[in-house]
Amino acid sequence: MTSIRMAASTLALLAMAGVAQADSISVRLSFNEARSGLEFTPIHAEVGSFAVTPNVRQGAEGEQWRVVAKDANGRILHEVAVNNGLKRHVEVFNPKTGAIDLSDTVRQPNGVFEVSLPYDKQTVSVEVLQKPANGSRTQLAAATPLAHFDRAALDKVIQASKGAQSRSALAAGATATTIFSSGTAGSKMDYVFVGDGYTAAEMGKWQADAQKVINGFLADPLFNANKNSLNVRRVDVASNQSGVDEPNKGIYKDTAMDGAFDCYNIDRLLCVNSTKVYNIVGSVLAPNERDVIIVISNSTRYGGSGGEIATLSMADQSIEIALHEIGHTAFALADEYDYGSCDTRAEPTEQNVSMNGSRSVKWGSRIAASTAVPTGLGVYANGTVGAFQGAQYCATGKYRPTENSRMRTLGYPWHVVNEAAAQATFAKYGATGVTQIGTLANGGAAIAPSASPGYVQAGAGVFTLQLNGPGGTDFDLYLYKWSGSAWVKVAASERQTSAESIGYNGTAGYYYAQVKSYSGAGSYTLTYNFPKP
């Protein structure tokens with residue numbers, strides 16, 4: 001090991017106190033497809049000492065928007081990927097078999113989403129940028145912002161939001177209760193369950209229903225094993241009428257969040273008014289206390305949906321819908337079923353699907369030598385890791401890691417590859433570590449730690465790394481491990497930007513990180529957290 005030459009650097013290693021910012025801004029943006037084009041409008045903003053939103057949806061399926069905070073030099077201070085809301089993926093599962101019945105993408109001409117970004121003196125603007133699913137580096141570098149909001153515009157929204165919040169009748173009536181806590185909101189992934197269609201007289205029923213769902217949620221092996229990484233809260237709010245809209249039956253109810261079946265003319269799709277949800281939940285919980293919001297409608301009709309806010313009813317199987325949708329929303333997992341519109345133009349960025357059907361597939365280190373690749377159906381016990389053909393809407397040309405998981409059929413386990421992706425996401429909340437600041441020449445590279453010997457001994461667990469570089473450049477991020485005879489690349493983030501992140505579930509050993517310029521030059525900030533040996 002000591003014979004391996006490692007680059008030296010005079011740059012300082014700075015201790016990082018976590019993702020919480022002394023000054024942060026939570027921005028709620030609406031989008032609308034108008035005649036003049038796509039319009040974004042900040043409809044709510046608040047500032048405080050809360051944690052910024054981790055970039056957990058990097059690599060999620062479908063097209064993404066990138067919401068970034070920039071300094072005066074155009075350098076990205078923080079980036080959060082959100083789903084391109086114009087294209088909403090909808091799923092309908094069979095309540096008897098748990099298999100997919102319908103998978104489609106519908107056009108959603110308007111909607112809303114919320115992110116938290118740093119807002120100290122360095123931040124001069126917030127921008128929304130396009131990130132095509134298969135865009136080239138050149139396309140991304142040349143793209144103009146979809147929306148730009150300077151600090152003066154944001155400050156006006158902050159002031160207007162204070163008055164609007166105080167005038168909200170629903171805000172005055174909502175309350176929040178902590179059901180399960182493993183730590184402070186800034187250091188944990190916070191799940192919120194809020195009821196729709198429960199009247200004031202039904203608050204006892206709502207609380208019992210919520211507890212039933214939460215118990216099922218926490219009983220899931222993945223969430224049970226990661227209890228120390230999450231908090232669970234319940235929000236109580238009374239609706240004027242009991243139930244949910246069912247347009248195909250001519251039933252309409254006056255509820256707090258406008259819950260309705262038959263969304264997009266799909267009978268089992270349950271939708272809500274996201275703006276009302278954010279207004280209600282935001283009136284009683286800080287931005288970093290509402291990372292994942294799940295709305296429970298007062299109905300036993302089977303259905304639910306995903307998106308920026310997950311929904312479910314009180315049907316017996318609905319918790320399974322919610323868990324599958326959380327796999328998309330919270331953990332950036334792809335669907336593993338083969339029904340839908342197949343696209344094999346590029347290697348998927350998600351951790352649980354690939355176009356590579358060989359042992360060098362992204363989860364190849366978990367495939368046993370005795371398991372055939374590609375892997376046949378019905379040959380091995382379910383949960384055996386291999387390369388099974390059929391995934392992400394393709395019957396051929398794409399592979400999944402196990403024969404059947406929750407991301408393919410409801411009611412099945414997550415299995416190890418999906419669990420690892422979830423654990424890497426949990427680790428991004430409240431991660432602490434070391435920050436290295438440096439400068440790269442065009443095509444140059446640097447390693448971390450920069451101090452001799454240029455590597456560290458780490459224990460088993462989740463390795464998290466976050467890189468930020470100047471706007472208009474393309475820096476990449478790599479993680480290497482010593483195999484006993486050579487340094488082996490075990491993880492990489494090679495997006496068309498200089499905001500990169502890695503969440504890697506690794507074994508104990510010696511590691512180092514590398515920052516490399518694909519194009520452009522300038523300063524960078526790398527924060528990394530390795531498990532203690």
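Author: On a 1 Å grid over the protein atoms alone, a cavity is a set of points where a 1.4 Å probe fits but cannot get out, and lining residues have an atom within 4 Å of a point. Grid points are joined across faces, edges and corners, and a volume is the space filled by probe spheres set on the points.

This is a predicted model; local features need pLDDT of at least 70, side-chain atom pairs count only at pLDDT 80 or more, and totals for chains, interfaces and linings use all residues. Residues are numbered from 1 along each chain as its sequence is written, and side-chain values use heavy atoms, with hydrogens and water left out.

Searching the whole structure gives one cavity of 30 Å³ or more. The lining consists of Glu-91, Val-92, Phe-93, Arg-268, Tyr-302, Gly-303, Gly-304 and Ile-321. Strand β6 (residues 87-93) gives the largest share, three residues. Helices (H or I, at least four residues) and strands (E, at least two) are DSSP runs, numbered from the N terminus. By type, the lining has four nonpolar, two polar and two charged residues. Here Ala, Val, Leu, Ile, Met, Phe, Trp, Tyr, Cys and Pro count as nonpolar, Asp, Glu, Lys and Arg as charged, and the others, Gly among them, as polar.

Next, the packing. Of the chain's 533 residues, 54% are buried. Buried means under 20% relative accessible area, exposed over 50%, and partly exposed in between (1.4 Å probe, protein chains only). A nonpolar core is a set of buried Ala, Val, Leu, Ile, Met, Phe, Trp, Tyr and Cys residues joined through side-chain atoms within 4.5 Å. The largest such core has 34 residues, and Tyr-191, Phe-193, Phe-217, Phe-223 and Phe-331 make the most contacts inside it. Elements that each supply at least two of its residues include β12 (189-196), α4 (203-219) and β13 (230-236). The largest share, seven residues, is from α4. Take Phe-193: beyond four places in sequence, its partners include Trp-206, Phe-217, Val-232 and Ile-294. Contact means heavy atoms within 4.5 Å. A second, separate core has 23 residues, among them Val-82, Phe-113, Leu-154 and Val-157.

Ser-405 lies in the loop between β18 (394-400) and α8. Ser-405 counts as buried because its relative accessibility is 0%.

Last, the backbone. Most residues other than glycine have a negative phi, and most peptide bonds are trans. Gln-392 has a positive phi, near 45°. Gln-392 sits in the loop between β17 and β18. Its relative accessible area is 8%, so Gln-392 is buried. Asn-265 also has a positive phi, near 60°. Asn-265 is in the loop between β13 and α6 (274-282). At 79% relative accessibility, Asn-265 counts as exposed.

Two peptide bonds are listed here as cis. The bond from Val-373 to Pro-374 is cis, with omega near -5°. Pro-374 is in the loop between α7 and β17 (388-391). The bond from Ala-448 to Pro-449 is cis too, with omega near 5°. Pro-449 is in the loop between β20 (445-448) and β21 (456-458).

Conventions. 1 Å grid on protein atoms, 1.4 Å probe; cavity = no way out; pocket = protein on both sides within 12 Å on 5 of 7 lines; lining within 4 Å.
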